[in-house]
Amino acid sequence: MSAPTHESIREAIATVIDPELRRPLTELDMVDSIDVDDSGIRVVIALTIVGCPASDRIHRDVEQAVARVANGHEVRVELSVMEPDRRAALITRLRGDRSPADQFGPDSLTRVVAVTSGKGGVGKSTVTTNLASVAAEQGLRVGVLDADVFGFSQPGLFGIEQAKPTRLDDMILPPLAGEVKVISIGMFVEPGTPVSWRGPMLHRTVNQFLTDVFFGDLDMLFVDMPPGTGDVAISVGQLLPHSDVVVVTTPQPSASDVAIRSGLVARQTGQQVVGVIETMSAGVLPDGTAVNLFGDGGGAQVASALEVPLLGQIPLSVTLRECGDQGTPVVQAHPDDPASLALVETFHALGATKESRVGVPLPVSPKH
């Protein structure tokens, strides 16, 4: 059989997507060379860094893609590494005309949703994980920023505790949990190591997550906030003043009273509170027994006080708790569970609070 052309091989490689940057290898200038002779097809792919965590997957995917057009010829894929100047040019292309600080600035088309609560243990992080997963399943490009520096839990809830971000010079690429890009301080510290920082370090960490971490073009960024109204809440309000805020509470008054304060602080920093989510609502045990362990009315009380809608009520669910422990979002593992159904409805209710972008100019500039 005749050997494939360089063009057909390059078109095949163009179908391979970089697992971290989520763009075709050809677009990222990762194709070093393509050679075709009597001995077969030789392709050299330039990785972005030495020890690239996606190297095995890229090698396999390129080999399979080229084999589909090889007409029976032997395929050899070799890996090299970009030189510094070439990598720097790639970083410049990825960032485009925007500075890192403008990644989620006022002109960004990314909807930023900060998920907050008045106190810990109300299920705020679990809600964040599952809402992000629902958004990704809806076909949106989604990121999660774990701003709960002291009580980080997103790596565990997504089941990516061992994942480490990739650093390209001064750019950090967040690990992927399925189709969700996730960044957390838990990815930078050794297991079991506590984080005990004062205010300036907390502000610096959140700021670095918003500037040094390259999320790419996102439709939604969920920010898992720490409970309460401390330093991080103020920092996020300063750094993302245009973000929407969702307040999470349980039905009991002791939680709802404190939750109202977190919503008021968000407004003081210029953020918009768009709704309330109630967790640990009345649920049903496997034997059909109804359980109303934490009372009722807390979510409605907070929503009324803040004059925003109650977006959803997530019932008590053993399955929801088990999925959190296993590192699998319940909306993916058990979509028919009552908690999953409530979370999907909650996401749609959240979507209904989005302001129209009609008439807002796109953040683009003509190229000459």
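A residue is counted as buried when its relative accessible area is under 20%. By this criterion, in the predicted model, both faces of strand 10 are covered: Met 220, Phe 222 and Asp 224 are buried on one side, and Leu 221 and Val 223 are buried on the other. Because five of the five residues in strand 10 (residues 220-224) are buried, the strand is largely enclosed by the rest of the structure.

Strand 10 is paired with strand 4 and with strand 5. Strand 4 (residues 111-117) runs parallel to strand 10, and the two are joined over five bridges; within this pairing, Val 112 has Leu 221 of strand 10 as its bridge partner. Strand 5 (residues 142-146) is likewise paired with strand 10 in the parallel sense, over five bridges, and here Asp 146 stands opposite Asp 224.

Strand 4 also contains Thr 116. Thr 116 has a relative accessible area of 5% and is therefore buried. Neighbours within four places in sequence aside, the contacts of Thr 116 include Lys 124, Met 225, Pro 226 and Gly 228, together with Val 245, Val 246, Val 247 and Val 248. Ser 262 is also in contact with Thr 116, and Ser 262 is one of the buried residues of helix 8.

Helix 8 comprises 16 residues (residues 253-268), which at 1.5 Å a residue should span 22 Å; the end C-alpha atoms lie 23 Å apart, in agreement with that expectation. The buried positions of helix 8 are Ala 255, Ser 256, Ala 259, Ile 260, Ser 262, Gly 263, Val 265 and Ala 266. These buried residues pack against strand 4, strand 11 (244-249), strand 12 (272-281) and helix 9 (298-306). Just after helix 8, Gly 270 adopts a positive phi of about 95°.

An open sheet with mixed pairing is formed by three strands in the order 1-2-3. Strand 1 (31-37) and strand 3 (75-81) stand at its edges, each with a single partner strand, so that one side of each has no neighbour in the sheet. From one strand to the next, the twist averages 15°. Strand 1 and strand 2 (residues 40-47) run antiparallel and are joined by six bridges, with Asp 35 opposite Arg 42 of strand 2.

Helix 1 (residues 6-13) lies across strand 1 and strand 2, at about 135° to strand 1. Helix 1 also packs with helix 2 (residues 55-67) at an angle of about 135°, the axes being 8 Å apart. The two helices are therefore oblique to each other, and their crossing is right-handed.

The segment before helix 1 contains Pro 4, which is buried with a relative accessible area of 8%. Apart from neighbours within four places in sequence, Pro 4 is in contact with Ile 9, Val 36, Ile 41, Val 69, Ala 70, Asn 71 and His 73. Pro 4 and Met 280 are 276 residues apart in sequence, and their C-alpha atoms are separated by 60 Å in space.

Notes:
Residues numbered from 1 in each chain as written. Predicted model: local features only at pLDDT ≥ 70, side-chain atom pairs only at ≥ 80, totals over all residues. Heavy atoms only, no water. Buried < 20%, exposed > 50% of the residue type's maximum accessible area, 1.4 Å probe, protein only. Helix = DSSP H or I, 4+ residues; strand = E, 2+ residues; numbered from the N terminus. Pairing = 2+ DSSP bridges. Axes fitted to C-alpha atoms, helices over the stretch in contact; angles between N-to-C directions. Contact = heavy atoms within 4.5 Å. Expected span 1.5 Å × (residues − 1). Parallel < 35°, antiparallel > 145°, perpendicular 65-115°, else oblique. Left-handed = near helix turned anticlockwise from the far one by under 90°.
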